[in-house]
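Here are my notes on this one, jotted down as I went through it. Have the chain open while you read.

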Amino acid sequence: MYTQFIQELTNLIGKNNVLIDIAEQKKYVSDWFGRANGKALAVARPANPEEIASIVKLSEKYHVSIVPQGGNTGLVGGGLPDDSGHELVLSLERINKIRSLDALGKTISVDAGVILENLHKYAQEHGLEFPLTMGSQGSATIGGLLSTNAGGTAVLRYGNARDLCLGLEVITAEGEIWNGLRTLRKDNTGYDLRDLFIGAEGTLGIITGAVLKLVPLPKARLSALLSLNSPSLAIQLLEYVQTKANSQLTAFELISDTCLNLVDQYFPQFAYPFSTKVPYCVLIEISDNESEEHAYELLNAMLEEAFEMNLITDAIIPQSLAQSKRFWEIREHIPLSQVEDGKNIKHDISLPISKIPNFIEEAKKIILKQLPNARIIDFGHLGDGNLHYNVAAPKGENVDAFMKNKVVVNELIHDLVDQMGGSISAEHGIGANKAHELVKYKTPTELNLMKKIKAGLDPHGIFNPKKVLL
Ligand SMILES: Cc1cc2nc3c(=O)[nH]c(=O)nc-3n(C[C@H](O)[C@H](O)[C@H](O)COP(=O)(O)OP(=O)(O)OC[C@H]3O[C@@H](n4cnc5c(N)ncnc54)[C@H](O)[C@@H]3O)c2cc1C
């Protein structure tokens, strides 16, 4: 049966676009860390939505499941096949054109395989900006970003992927092309089909195109690194700068001392930025539509007052826009230095912002009681209430032995998050890795509604089985 399927698939999209060879499949079956490995029946690389529609019909005929894949930067195993060797990975990498840009309406229509960084460049050439930004933007695709409802560093100001999407084109389980590429900002005509596919992690359909919102490109973007003594002061600082800068505040990232040390250790070109060790620091970003001088004026005035209010202990104000960018490089090297440091137990959680200091304090107590000397590597998009709360083995301890604590640590952290009214996945999604936990933290009513949606849109369970819902 599989031989016949591969033959027909090859007839549809050509031999060069059906990867059977294990070596050729490697980058599509292992994750960004190079750790989670699945096995694929084949990797299909179609050239357009019509080819995807035909592949869906063929897969339906042969009961072959499809795992849609964009840039494969997802961190929860959602875009990887299982280890049966029976699933088809469907890569959108060849469907990667910018379709059109409407400068007046500030919208852009793109293929789902467009890489985020390429979209940024294109919009900038037109004096506009697509304001979703994150460390993986050199590989992550629009289809993947929408399917995970990705967040990133500017959610505070512009919202997440869902907030930036106006319309979608999707291949349904029947192999039909749904053209929902509307450019409307208002459209109350029944159920919002677009919103069903956003954040569905490829379990309801395959996104092939999208209409996205653009915003005017700011004249200047300035960042500063501010040290402070506690997360509680960081929350007070957030409230203060939000009042002062209002919509000009485009990012507010919390970074702990452990993160700065790790980056310094593995990437010495990004040395510890402060002259003395600090428990926490915040990376703030101001976007200004007038001028660089105007941005500096606002930043300086705010920081002066923040010092007077004893919110911050030190501030590194950039001497140039280039130095400003360098602060972001430090931030982006946190995940990279964690890769160098070895495996750790990761959590991508969100909480009501006011509860974050209390969470950080409680979580530390709980973890250190269970695992004295464990290293806590915490950082995140504080302005969105989103923390990346990672627990690593004590220095010198065997990492594989430490990772055996993963289930216990996940439960301790996620139970605490749940008690505080938070979420076990702020922006990375559920994928394969957290599907078993969803059952615990969603109510039966929520799970039932989700299962009904899945059964209605994908009755034969062809799209990304065992992801999100078990
Ligand atoms: C260094 C680094 C930094 C990161 N920072 C952030 C961050 O700040 N914020 C954040 O939210 N995420 C972040 N991520 C996670 C990741 O980049 C995002 O989840 C991104 O949205 C995934 O896009 P992708 O194209 O790589 O999707 P993939 O990894 O290929 O797929 C992700 C999911 O979407 C599905 N999918 C992909 N394309 C389609 C499609 N066209 N139609 C239907 N389903 C599809 C897949 O099946 C899978 O379930 C980071 C990752 C890394 C490695």
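1. Which helices and strands each supply at least two residues of the shell around the ligand? They are β3 (66-69), α5 (142-147) and β10 (206-213). Helices here are DSSP runs of H or I with at least four residues, strands are E runs of at least two, and both are numbered from the N terminus.

2. Before going on, the ground rules. This is a predicted model, where local features need pLDDT of at least 70 and side-chain atom pairs count only at pLDDT 80 or more, while totals for chains, interfaces and linings use all residues. Residues are numbered from 1 along each chain as its sequence is written.

3. Back to the ligand. The shell has 38 residues, and G70, G74, G78, G143 and G144 come nearest; a residue counts as near if its C-beta atom, placed from the backbone, lies within 6 Å. α5 gives the most, with 4 residues. By type, the shell splits into 22 polar, 13 nonpolar and 3 charged. Ala, Val, Leu, Ile, Met, Phe, Trp, Tyr, Cys and Pro count as nonpolar, Asp, Glu, Lys and Arg as charged, and the others, Gly among them, as polar.

4. Now the layout. The chain divides into domain 1 (2-91), domain 2 (98-216), domain 3 (220-328) and domain 4 (348-419), with bounds from an automatic or database domain assignment. Domain 1 and domain 2 each put at least three residues into the ligand shell.

5. How far apart are the C-alpha centres of domain 3 and domain 4? They lie 24 Å apart. Across that boundary, 15 residues of domain 3 are in contact with 14 residues of domain 4, contact meaning C-beta atoms, placed from the backbone, within 7 Å. On the domain 3 side, α8 (231-245), β13 (249-256) and α9 (257-266) each supply at least two residues, and β13 has the largest share with 6 residues. That side is made up of 10 nonpolar, 4 polar and 1 charged.

6. In strand β12 (residues 220-228), 8 of the 9 residues are buried, so the strand is largely enclosed by the rest of the structure. Buried means 20 or more other C-beta atoms within 10 Å of a residue's own, exposed means 12 or fewer, and partly exposed is in between, with C-beta atoms placed from the backbone. β12 pairs antiparallel with β14 (residues 280-288) over 9 bridges, and A224 has I284 as its partner there. β12 also runs antiparallel to β15 (residues 314-316), with 3 bridges; L226 sits opposite A315. Strands pair if DSSP finds at least two bridges between them.

7. I284 turns up again in the core. The largest nonpolar core has 123 residues, and I284 is among those with the most contacts inside it, as are L88 and V282. Such a core is a set of buried Ala, Val, Leu, Ile, Met, Phe, Trp, Tyr and Cys residues joined through C-beta atoms within 7 Å. Leaving out residues up to four places away in sequence, I284 touches S223, A224, L226, V241, L249, A251 and F252.

8. Not counting residues up to four places away in sequence, L412 touches I366, I367 and Q370.

Conventions: Two residues are in contact if their C-beta atoms, placed from the backbone, lie within 7 Å.
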